[in-house]
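Reader: I am new to reading protein models. Could you take me through this one, feature by feature?

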Amino acid sequence: MKRFAQVTYAAVLAVAISGTAATATAESYDLVILGGRVIDPETGLDGPRNVGLNGGTIAAVTSDDITAPRVIDAEGLVVSPGFIDMHAHGQRIPAARMQALDGVTTGLELESGVLPVADYYEKREQQGRPINYGASVNWAAARIAAMLDIEPSSEPDWFFSKFSIRHWQEELASPEELESILSLIQQGIDEGGLGVGILLGYAPDSGRKEYYAVSRLAANAGLPTYTHARYLSMIEPESSFEGMAEIVNAAAATGVHAHVVHMNSISLRDSGLIGQMFAGAQKQGLRITTEAYPYGAGSTGIGAAMFRGPDWRERTGGMTAHSFDVGGKRLTEKEFADLQRDKPGTETIMHFLELSNPEDQAFLDTSVLFPGGVIASDGGTWLMDGEAISQDTWPVPDNAWSHPRSAGTYGRFLRHYVRDSGQVTLLEAIGRISYRPAKILQDAVPQMKKKGRLQVGADADIVIFDPETVSDRATYEKPAQASVGFRHVIVNGVPLVTDGVLDTSVLPGKAIRNAVK
């Protein structure tokens with residue numbers, strides 16, 4: 001039986017790659033991509049092919065001549081599955097458009113998630129989106145709602161506005177509050193949430209029993225958890241290692257698929273030891289996956305719990321007020337203290353590694369290149385004077401602010417790790433940014449079985465880029481600079497970017513929901 005399955009798969013694979021060559025020339029297509037270097041990470045295809053699209057589906061991947069009313073000449077370019085960002089906080093239209101110019105065709109809000117989930121999907125269906133979208137259920141929002149007895153909101157500003165309220169961050173939930181938290185999470189799952197986003201780092205004194213209960217709920221629903229570990233510290237007790245071990249324990253005890261968000265920023269300079277722990281857990285059969293972004297700086301509210309207390313500088317490996325950046329300017333001690341006291345929700349960039357130091361770059365590489373890991377941006381909303389720019393603003397103003405990863409994560413990864421340093425092959429890199437994210441999600445979210453692939457029958461989410469010029473341009477001082485080298489981006493068969501120019505008249509993105517609904 002096993003041999004029969006292998007032979008059958010080989011036959012299907014041959015048909016998929018050839019695009020059913022016997023009939024390819026007889027078929028008609030809406031759009032064809034000719035002469036590109038086609039890469040499909042699942043099958044290992046890496047070679048010249050022609051690709052035909054019908055509607056929102058890939059209909060042919062072939063060496064035969066094909067034609068259509070619309071033709072893209074991809075000679076000298078790479079034709080890849082569209083990139084899937086599992087950690088996209090920027091869920092507004094301008095943020096999605098900026099990500100499209102970085103090769104992203106699906107941007108999911110999984111670390112934080114949203115609540116109420118139904119409101120999130122309803123608003124985006126009404127407004128439309130340039131790229132595919134979806135979200136997990138926000139545990140922190142459920143905790144705030146239950147412990148403060150208020151209604152949650154799916155808007156990010158609502159969450160940041162609660163940073164000055166310590167109760168939900170520093171107290172254990174009562175049995176009644178925990179019951180309410182779990183009920184709100186279950187409601188979000190029933191409304192299509194893609195798992196549970198668990199921001200333990202923002203409520204570090206929440207209960208271990210609570211985390212176990214939430215993990216068990218997700219496991220029973222067949223959905224992953226996406227956890228921001230409890231601590232940010234290299235010193236025990238309450239170290240990052242301890243926080244990461246808690247995630248491993250929950251996976252072992254409940255069987256949940258535990259996805260670890262931004263392994264790089266939480267691990268600090270303990271990435272090697274934490275990586276060993278994850279590798280050992282995976283070897284024992286635990287479902288643990290990781291992500292990282294190719295920067296040595298993160299972004300959060302300046303009043304977050306991880307930056308409070310008398311010893312936070314020592315615990316984070318020597319960070320100071322000058323490690324924090326607001327609006328492109330490093331802070332003084334006074335500015336830092338004033339913002340923490342008066343405006344704790346202020347979004348800031350914190351430099352946890354200084355990449356001009358080769359040792360710090362090596363620590364980052366350990367997380368970014370962790371075996372089997374994926375790249376996720378952790379990118380955010382674009383702000384002007386502390387307020388989100390309007391949904392119809394395009395292009396993003398030159399003086400708008402966000403972390404540069406909101407614009408350049410994937411261009412930076414391809415430039416630095418593939419072209420400049422050669423640490424990964426192009427095939428491996430494309431796997432980390434398209435197929436592997438889809439594979440992590442597909443058991444819980446069947447829609448993802450047709451994403452992250454460039455095969456017959458897969459969704460027509462495709463990016464076409466120049467491997468010799470693809471690069472990020474966004475900097476900490478001037479983050480609102482789109483990546484270059486991404487020539488064409490197609491979402492659900494609709495050209496969104498053509499010859500490097502984004503089409504603002506189309507909004508082809510579709511909702512991604514769980515299979516529970």
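Reader: Which residues in α8 meet which residues in α9?

Author: This is a predicted model, in which local features need pLDDT of at least 70, side-chain atom pairs count only at pLDDT 80 or more, and totals for chains, interfaces and linings use all residues. Residues are numbered from 1 along each chain as its sequence is written, and side-chain values use heavy atoms, with hydrogens and water left out. Now the pair. Contact means heavy atoms within 4.5 Å. From α8 come L178, I181, L182, I185, Q186 and I189; they meet E210, A213, V214, L217 and A221 of α9. Sorted by class, this contact holds nine nonpolar, one polar and one charged residues. (Ala, Val, Leu, Ile, Met, Phe, Trp, Tyr, Cys and Pro count as nonpolar; Asp, Glu, Lys and Arg as charged; the others, Gly among them, as polar.)

Reader: At what angle do the axes of α8 and α9 cross?

Author: Two packed helices are described by the angle between their axes and the distance between the axes. Axes are lines fitted to C-alpha atoms, for helices over the stretch in contact, with angles from 0 to 180 degrees between N-to-C directions. Helices are DSSP runs (H or I, at least four residues), as are strands (E, at least two), numbered from the N terminus. Here, α8 spans residues 175-190 and α9 spans residues 208-221. Their axes cross at roughly 25° and come within 11 Å. The two helices are therefore roughly parallel to each other. (Under 35 degrees is roughly parallel, over 145 roughly antiparallel, 65 to 115 roughly perpendicular, and the rest oblique.)

Reader: How do α10 and α12 pack?

Author: α10 covers residues 240-254, and α12 covers residues 271-283. The angle is about 10°, and the axes are 10 Å apart. So α10 and α12 are roughly parallel to each other. S240, F241, M244, A245 and V248 from α10 meet L273, I274, M277, F278 and A281 from α12. By class, that contact has nine nonpolar, one polar and no charged residues.

Reader: Is S265 buried or exposed?

Author: Relative accessible area decides. Buried means under 20%, exposed over 50%, partly exposed in between (1.4 Å probe, protein chains only). S265 has 6%, so it is buried. S265 sits in helix α11, residues 263-267. Leaving aside residues up to four places away in sequence, S265 touches L232, Y293 and F352. In sequence, S265 and H351 are 86 residues apart; C-alpha to C-alpha, they are 9.2 Å apart in space.

Reader: Where is the peptide bond cis?

Author: Check omega. From L115 to P116 the bond is cis, with omega near 0°. P116 is in the loop between β7 (104-114) and α4 (117-127). The bond from W394 to P395 is cis too, with omega near -5°.

Reader: What is the mean pLDDT of the chain?

Author: pLDDT is the predictor's confidence in each residue, from 0 to 100. The chain's mean is 94, and 95% of its residues reach 70 or more. Over residues 1-25, pLDDT is below 50.
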